[in-house]
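Here is a set of questions and answers for a reader who wants to work through a model with the coordinates at hand.

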Amino acid sequence: MSTRPRISARISAISESATLAVDSKAKAMKAAGRPVIGFGAGEPDFPTPGYIVEAAIEAAGNPRFHKYTPAGGLPELKQAIAAKTRRDSGYAVEAAQVLVTNGGKQAVYEAFATLLDPGDEVLVIAPYWTTYPEAIKLAGGVQVDVVTDESTGYLASVEQLEAARTERTKVLLFVSPSNPTGAVYGREETVAIGRWAAEHGLWVVTDEIYEHLVYGDAEFTSIATAVPELGDRIVILNGVAKTYAMTGWRVGWLIGPADVVKAATNLQSHATSNVSNVSQMAALAAVSGDLSAVAEMRTAFDRRRQTMVRLLNEIPGVFCPEPKGAFYAYPSVKELIGKELRGKRPQSSAELAELILEEAEVAVVPGEAFGTPGYFRLSYALGDDDLVEGVSRLAKLLSEAH
Ligand SMILES: Cc1ncc(COP(=O)(O)O)c(C=O)c1O
């Protein structure tokens, strides 16, 4: 009998998505009748707008969409994504530079698989979204963390990036607005970082999936448009999930120079082929329509954001900088680690999160999932009443810590 391991080393090294794990545990407790309030989910609580659903229904009845279509995406959707990118980012791009993917997640995997050779380093600003490390690792890349904290509102500086750069650095991953922190880089900061990357010949992979979810005086700046010096060394990742409440439809895209898009399309043609045509037609209605649905969601998220930050900052031992975008708050809970709470002494934010789920029936994602222990991520994409109830339960429990 072979003594070779049952699971390959490459795949064994991939960890379960911590955010999905928290969410599924909370859902299981809920199904068992416990009144859990979940701050774990990374998705809008709104249904997909009706006109988008209608487009999908119509597409489902059209025999053209019952068949394989080009692996890289329906031509009309690629055109519409190019036009939408010009409209929203001011970035000039042709349809041939667009690859339609199974959600933004596949775009993340394909971008790193296409750009990285084993040993190539990627600068990743921490806290970072859980999927990036796995995609980089699977491609053979080496992640180099650039750690930020609440003192700068989780923004990295050029000096920090430069200190992490080596001869092997190939890519800077730039995500603004950020999941999990909600940090948004201003225009000046974006330009400084982009110029630094250009000066050193780095590629920039930028994830713009939260582009339309910014609040107050924060503005979204596309690094691709703001820094023409980057030339063609830029790959943009995006999708319909967050803007149009379409997480379940699985449509994202990758935009880049023609050779990168061609290579990534080759990969996709063997892995998954075309994204479901029905979903692509729904995405076509979404990106060619107006932005009124996201404007409505943004108003609700902004209200919830303000409530959440205020309530969190009232809890002793919790400090939450104001998130400027996306729909997450990322408070520090460092002061609570090691304190006694209901007969236990949690030694990490992961242990504290577990205790909170058991004792207060509130689900939060610990900072361990995002490369920075000592924090929680709380999504505010849930109903106003649940939000207040959940944070109040958290406050009540955590105020017992001593
Ligand atoms: C920063 C970021 N990028 C990409 C995605 C991928 O979204 P999807 O695969 O649902 O399109 C997410 C989802 O949580 C995200 O937070």
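The questions below concern a predicted model, and they move from the domains to helix packing and then to the backbone.

Q: What area is buried between domain 1 and domain 2?
A: The domain assignment of the protein chain gives domain 1 as 9-47 + 293-399 and domain 2 as 67-289, and their C-alpha centres lie 26 Å apart. In the contact between them, 39 residues of domain 1 meet 33 residues of domain 2. Carbon and sulfur atoms give 61% of the area buried there, and the total is about 2800 Å².

Q: Which three residues supply more than any other three of the area that domain 1 buries against domain 2?
A: The area buried between the two domains is about 2800 Å², counted over both of them, whereas the share asked for here refers to what domain 1 buries against domain 2. Of that domain 1 area, 19% is supplied by three residues, namely Lys324, Ala326 and Phe370.

Q: Are helix H12 and helix H14 roughly parallel or roughly antiparallel?
A: Helix H12 covers residues 292-313 and helix H14 covers residues 384-398, and their axes come within 10 Å and cross at roughly 10 degrees. Because angles under 35 degrees count as roughly parallel, the description of H12 relative to H14 is roughly parallel.

Q: How many charged residues are in the contact of H12 with H14?
A: On the H12 side the contact includes Arg303, Arg304 and Leu311, and these belong to a group that meets residues of H14 including Asp384 and Leu394. Divided by class, the residues of this contact are seven nonpolar and one polar, while the number of charged residues is three.

Q: Are H5 and H10 roughly parallel or roughly perpendicular to each other?
A: The axes of helix H5 (residues 103-115) and helix H10 (residues 258-271) come within 9 Å and cross at roughly 115 degrees, and H5 passes H10 in a right-handed crossing. Since the range from 65 to 115 degrees counts as roughly perpendicular, H5 and H10 are therefore roughly perpendicular.

Q: How many nonpolar residues does the contact of H5 with H10 have?
A: From H5, Gln106, Glu110, Ala113, Thr114 and Leu115 meet Val260, Ala263, Ala264, Leu267 and Gln268 of H10. By class, this contact has three polar residues and one charged residue, and the nonpolar residues number six.

Q: How many nonpolar residues are in the contact of H3 with H11?
A: Helix H3 (residues 50-60) and helix H11 (residues 277-288) pack at an angle of about 145 degrees with their axes 8 Å apart, and H3 passes H11 in a right-handed crossing. Tyr51, Ile52, Ala55, Ala56, Ala59 and Ala60 in H3 meet Val278, Met281, Ala282, Ala285 and Ala286 in H11. The contact has no polar and no charged residues, and the count of nonpolar residues is 11.

Q: Which residue is joined to Pro127 by a cis peptide bond?
A: Most peptide bonds are trans. Pro127 lies in the loop between strand S3 (121-126) and helix H6 (131-138). The cis bond has an omega of about 0 degrees, and the residue that it joins to Pro127 is Ala126.

Q: What is the phi of Ala245?
A: Most residues other than glycine have a negative phi. Ala245 lies in the loop between strand S7 (234-239) and strand S8 (252-255). Although Ala245 is not a glycine, its phi is positive, at about 55 degrees.

Methods: Residues are numbered from 1 along each chain as its sequence is written. This is a predicted model: local features need pLDDT of at least 70, side-chain atom pairs count only at pLDDT 80 or more; totals for chains, interfaces and linings use all residues. Side-chain values use heavy atoms; hydrogens and water are left out. Axes are lines fitted to C-alpha atoms, for helices over the stretch in contact, and angles run from 0 to 180 degrees between N-to-C directions. Helices (H or I, at least four residues) and strands (E, at least two) are DSSP runs, numbered from the N terminus. Angles under 35 degrees count as roughly parallel, over 145 as roughly antiparallel, 65 to 115 as roughly perpendicular and the rest as oblique. Contact means heavy atoms within 4.5 Å. Ala, Val, Leu, Ile, Met, Phe, Trp, Tyr, Cys and Pro count as nonpolar, Asp, Glu, Lys and Arg as charged, and the others, Gly among them, as polar. A crossing is left-handed if the near helix is turned anticlockwise from the far one by less than a right angle, and right-handed if clockwise. Domain bounds come from an automatic or database domain assignment. Buried area is the accessible area (1.4 Å probe) that two parts lose on being put together, summed over both.
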